Amino acid sequence: MGRFRVRPGHPPPDDTGCGLLHVDMDAFFVSVELRTRPELADKPVVVSGGGPRAVVAAANYPARKFGVRSAMPFATAKRLCPHLINIPPTSGLYGEVSRGVMGIFRELTPLVEPLSLDEAFLDVSGALRRLGTTPAQLGARIRERVAAEHGITCSVGVAKVKFVAKLASGMAKPDGMVVVPAAETLAFLHPLPVSALWGVGARTEEHLRRLGLDTIADVAAFPPERLKKSLGVAAGEHLYRLAHGIDERAVVTESPDKSIGAEHTFDVDRHDRAELGLELLRLAERVGATLRARGVRGRTVSIKVRFADFRTITRARTLVSPTDVAREIHAVAVALLAEHAPAGAVRLIGVRVEGLDTGEAGEQLVFDSPAPRWRDAEVAADVARSKFGSAAIRPASLLAPKER
């Protein structure tokens, strides 16, 4: 695969017809933190809450040599690498850097599809003539600007289709670029293991290997009807097309949220329903603020409760009219908890609002209502927090006793 990698001082492979880029930040959360801690760059570092039930948000490459990976329990990571250095996450910082990076992308092309804070697809096919450049040159420009403006590195995959571009960026890591010429798409794909196919997890991989299919070339050569019979029509057709380099999905610039939620895993299991009610209030405040910031309201409120034995329940209630008011969300969440969650030690609790719309239909008015305008108060709190920080205004019940 080395011939597809772009090397300094060497011309890139032919990128004609390769209008899709996948850009992925390298160890994003850690890289953002290490900008102010350069002395830790060569040491194994993770970003994690660090508590007994925390998980690794990101691991730098020295940590990965010990087997440490994102989404791994922090306790497991520490066993694998006893001298692991943990940096607690910095609230708001990663979103700020992500917005800056995505802004660079959108300066070059309006066709940007973010997949998360740290990766996105770009369709640059229409921007090449306007910018007088090639896909590989555009990828190099992106890497240079991200490094210069934000102090982190990224890897870029350049290809004709999404699936191949994402594979290419993974092979470019860290801090590299892989270009897959359109005419050599199959030459790039076919030597790879079946696990590289988009959508193939451990179970599907095992099934494919039982069929004698070890590489993507094997899948491409396998009779499609037998593949569909073995895996199901949809899955068989999907994998057969990918194995032939066919991926017709376009870059989707907007993917409207279907729901907005927040959840919290406790360091120690909680039994006290009053404590759970306060955590629901904290989460409802976050969800309400996010709804208002995005200009949407939701009609359905749901809770998620995971008990100490990992048994998980979700319960929901649909409102008469949509809301973005934390007080209303909290009231429903507490009622759902009281009515549907059995007693027991709780490991995780969450709140979610679904059935979102822009609220353009307006707010249902109740005449002669003596109730205070809670939404007005929450909007005022939003303004104060934007000026003075997230801790500027909070419900009194969420303050520690000494703060009260």
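Here is a short chat about the aromatic contacts in this predicted model.

Colleague: Take F4 and F188: what kind of aromatic pair do they form?
Modeller: Their ring centres sit 5.3 Å from each other, with 90 degrees between the planes. Planes over 60 degrees apart get their own label, so this pair is edge-to-face.

Colleague: And how many residues apart are F4 and F188?
Modeller: F4 is in the segment before β1 (20-25), while F188 belongs to helix α8 (residues 185-189). The pair therefore links distant parts of the chain, and the separation is 184 residues.

Colleague: Is F4 buried or exposed?
Modeller: Its relative accessibility is 2%. Buried means under 20%, so F4 counts as buried.

Colleague: What about F163 and W198: stacked, edge-to-face or tilted?
Modeller: The ring centres are 6.5 Å apart and the planes make 35 degrees. Stacked needs under 30 degrees and edge-to-face over 60, so this pair is tilted.

Colleague: Which residue lies over the face of W198?
Modeller: Look 4.0 Å from the ring centre of W198. The residue over that face is R249.

Colleague: Which ring has the charged end of R311 over it?
Modeller: That charged end is 4.4 Å from the ring's centre. The ring belongs to F307.

Definitions and conventions
Residues numbered from 1 in each chain as written. Predicted model: local features only at pLDDT ≥ 70, side-chain atom pairs only at ≥ 80, totals over all residues. Heavy atoms only, no water. Phe/Tyr/Trp six-rings, centres within 6.5 Å; stacked < 30°, edge-to-face > 60°. Helix = DSSP H or I, 4+ residues; strand = E, 2+ residues; numbered from the N terminus. Buried < 20%, exposed > 50% of the residue type's maximum accessible area, 1.4 Å probe, protein only. Lys NZ or Arg CZ within 6 Å of the ring centre and 35° of its normal.
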